[in-house]
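Thanks for coming. Please have a look at it first.

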Amino acid sequence: MGKSKLLFITHEMSPFLDLTKISEITRQLPQAMQDKGFEIRILMPRFGNINERRNRLHEVIRLSGMNIIINDNDNPLIIKVASIPSARMQVYFLDNEEYFQRKHVFTDKDGKFYADNDERMIFFCKGAIETVKKLGWSPDIVHCHGWMSALVPVYLKTTYKDDPTFKHSKVIYSVYENDFKEQLNPEFAHKAIMADMGEEHTEAFKPGTNAALDYGAIKYSDGVVLGSAEIDAETLNNVKNSHKSVLEYNYTSDFENYYNFYDEITNDELVDVA
């Protein structure tokens, strides 16, 4: 496949943040693909419990300074970067004082789901796309992992579908076990709408459940990966009914199955669902 460009968008990655199995996949898979000749970029939020000093994060001035608009409010986006020396990979961290500078990730110290998790997700998805644009780096494949990246597929298939950076990008979404049982803010689907989008584009996300976020992402992706052995029946049914290319769950240390799936998706005709 030559030097194809592969973008990973995830809310967790080892060794920076280990919450679920996703952190292992997003640490091992990019390295395996880099070893197979891919050019890799990785984006994740800079949650407050990620130690900057220990992980040697530093701000990338040329990328910082953008504002991400949510509900007519400007939210500053700060970009930081860290390297994994053993893998020769760089990870870009999206930071915002209001959304991410907390001691806990998705729930407070009492285990209560943050009321603004919807806006944190919107900020991350919009910010990830804008960061890649500012990098001037056009990915052949955008691989999103987990619910916090679920809006990226719909944005790339609507607002950004003719953008030179993403015009030829294929989108893959990995579904995992349900990460939360709560619901996002009832206004979430409306807040998530961007330019060249209507209410119909976020209708699938409207219930605000983990399964609904997966459903919306599946709908707008070119391919779907079953990232866990335990995935709820509703999501599995949505995957089946989507008629998208699917990589079944089968953990392998060499990730040859992912490599072949990327090849398959890259050579498929573009899916137009907008």
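Where does Arg88 lie? Arg88 sits in the loop between β5 and β6, the latter being residues 89-95. Before I go on, please keep in mind that this is a predicted model.

Staying with Arg88, its phi is near 55 degrees, which is a positive value in a residue other than glycine. Most residues other than glycine have a negative phi, and most peptide bonds are trans. Is Arg88 buried or exposed? The relative accessible area of Arg88 is 63%, and exposed means over 50%, so Arg88 is exposed.

Asp72 is another residue with a positive phi that is not glycine, with a value near 65 degrees. You will find Asp72 in the loop that runs between β4, residues 66-70, and β5, residues 73-84. Asp72 has a relative accessible area of 74%, so Asp72 counts as exposed too.

Now the peptide bonds. Which bond is cis here? The one from Ser14 to Pro15, where omega is near 10 degrees. Pro15 belongs to the loop between β1 and α1.

Next, two lysines in loops. Lys109 is placed between α3, residues 97-100, and α4, residues 117-135. With a relative accessible area of 67%, Lys109 is exposed. Between the C-alpha atoms of Lys109 and Asp140 there are 40 Å, and the two residues are 31 apart along the chain.

Last, helix α9, residues 256-267. How far apart are its end C-alpha atoms? They are 17 Å apart. Twelve residues at 1.5 Å a residue should span 16 Å, so the distance in the model agrees with what a helix should give.

Which residues of α9 are buried? They are Asn257, Tyr258, Tyr259, Phe261, Tyr262 and Ile265. As for what they pack against, the buried residues of α9 meet strands β1 (5-10), β7 (141-145), β8 (170-175), β9 (223-226) and β10 (245-247), and also helix α1 (22-35).

That is the end of my part. I will take questions now.

Technical notes:
Residues are numbered from 1 along each chain as its sequence is written. This is a predicted model: local features need pLDDT of at least 70, side-chain atom pairs count only at pLDDT 80 or more; totals for chains, interfaces and linings use all residues. Side-chain values use heavy atoms; hydrogens and water are left out. Helices (H or I, at least four residues) and strands (E, at least two) are DSSP runs, numbered from the N terminus. The expected span of a helix is 1.5 Å times one less than its number of residues. Buried means under 20% relative accessible area, exposed over 50%, partly exposed in between (1.4 Å probe, protein chains only). Contact means heavy atoms within 4.5 Å.
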